[in-house]
Amino acid sequence: MTTIDTTLPTYFISHGGGPWPWMKREMGDAYAQLEASLADIPRQIGRTPRAILMVSAHWEAPVFTVQGNPRPPMIYDYGGFPAHTYQVHYDAPGSPELAQRVRALLEAAGLPSGIDAERGYDHGMFSPMAAIYPKADVPVVQLSLKRGLDPAEHLALGRALAPLRREDVLIIGSGLSYHNLRNFGPQARDVSKAFDDWLDQTVVHASPTERVAQLIDWSSAPAARIAHPREEHLIPLMVAVGAAESEAAERVYHEDAFMGGIAVSSFRFG
């Protein structure tokens with residue numbers, strides 16, 4: 001595998017709700033700041049990567065499973081949205097070559113893995129990617145979370161994937177820094193801020209060793225289980241951290257009043 005002179009960063013992004021890029025008429029400028037932050041990623045990395053490895057909150061499997069489909073279809077894994085959002089397309093190519101490389105790295109790290117030759121793109125991938133690369137001209141491979149959502153296992157996954165950063169593959173963990181759909185809007189202002197403040201302190205300001213320890217014990221953070229009653233939208237963060245474990249982090253997106261009152265953030269590592 002060809003290596004490059006500079007190492008790509010990794011990202012944990014808050015990907016927003018459902019098919020938001022195709023709902024601007026309905027939602028106005030609610031997503032303007034998030035969209036701008038995602039659209040700025042190509043500028044931040046300074047070049048177009050040869051491919052993207054996307055770990056989405058919306059795919060869990062018994063073992064880490066790689067998408068092997070060369071032309072992934074769309075998975076409309078949301079409900080209650082306008083009819084036209086079930087016809088949208090983000091036609092990025094897959095990359096069976098990258099899928100096999102990911103499997104080889106996981107096997108070398110002793111992490112059981114599988115490949116899914118039929119899997120399509122879920123909205124944790126295509127919604128943010130519509131802002132990052134709107135032309136859908138960069139190959140994307142999705143990689144599942146592992147059921148059980150153990151933070152240490154997903155940090156280990158990130159460590160195994162780290163060589164991809166020197167192979168011109170951009171690793172993105174796609175979730176949400178706050179994900180409690182039953183407690184959304186202005187009433188979540190204080191609890192989302194409490195968790196987001198902890199997240200920023202841990203991710204950006206703690207030492208690498210402290211960061212890992214605190215993320216493994218994330219459920220002890222202020223308002224943790226209010227912010228994440230189930231942690232599938234937080235666990236992609238562990239992969240992004242593991243792949244850049246000793247490197248500095250920066251918060252690249254933050255709002256204190258998203259959707260009327262939610263504190264949300266995204267982070268870059270390396």
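The buried residues of helix α4 pack against quite a list of neighbours: strands β2 (51–61), β3 (64–67), β4 (113–116), β5 (140–146) and β6 (169–175), plus helix α6 (151–161). Keep in mind as you look that this is a predicted model.

Which residues of α4 are buried? They are Leu-98, Ala-99, Val-102, Leu-105 and Leu-106. These residues cover an arc of only 125° around the axis, so they sit on the same side of α4. Turn to the other side of the helix and you'll find Glu-97, Glu-107 and Ala-108, which are exposed.

Just after the helix comes Gly-110, with a positive phi of about 75°.

Now move along the chain to a pair of helices. Two packed helices are described by the angle between their axes and the distance between the axes. For α7 (residues 189–205) and α8 (residues 208–216), the axes come within 8 Å and cross at roughly 140°. On the α7 side, Trp-198, Thr-202 and Val-203 make the contact, and on the α8 side it's Arg-211, Gln-214 and Leu-215. Sort the residues of this contact by type and you get three nonpolar, two polar and one charged.

Side chains of opposite charge can pair when their charged atoms come close. Asp-197 does this with Lys-193, forming a salt bridge in which the closest N and O atoms are 2.7 Å apart. Why are these two about one helical turn from each other? Because they are four residues apart in helix α7. Asp-197 is partly exposed, at 38% relative accessibility, and Lys-193 is partly exposed too, at 39%.

Is Asp-200 buried or exposed? With 14% relative accessibility, Asp-200 counts as buried. Leaving aside residues up to four places away in sequence, Asp-200 touches His-205, Arg-251 and Phe-267. With Arg-251, Asp-200 makes a salt bridge, at 3.6 Å from N to O. Arg-251 belongs to strand β7 (residues 249–258), so this pair ties together parts that are 51 residues apart in sequence. Arg-251 itself is partly exposed, with a relative accessible area of 28%.

Arg-230 lies in the loop between α9 (224–227) and α10 (236–242), while Glu-60 is in strand β2, so the pair ties together parts that are 170 residues apart in sequence. Both ends are partly exposed: the relative accessible area is 42% for Arg-230 and 22% for Glu-60.

Technical notes:
Residues numbered from 1 in each chain as written. Predicted model: local features only at pLDDT ≥ 70, side-chain atom pairs only at ≥ 80, totals over all residues. Heavy atoms only, no water. Axes fitted to C-alpha atoms, helices over the stretch in contact; angles between N-to-C directions. Contact = heavy atoms within 4.5 Å. Nonpolar A, V, L, I, M, F, W, Y, C, P; charged D, E, K, R; others polar. Buried < 20%, exposed > 50% of the residue type's maximum accessible area, 1.4 Å probe, protein only. Arc of directions from axis to C-beta. Salt bridge = Lys/Arg side-chain N within 4 Å of Asp/Glu carboxyl O.
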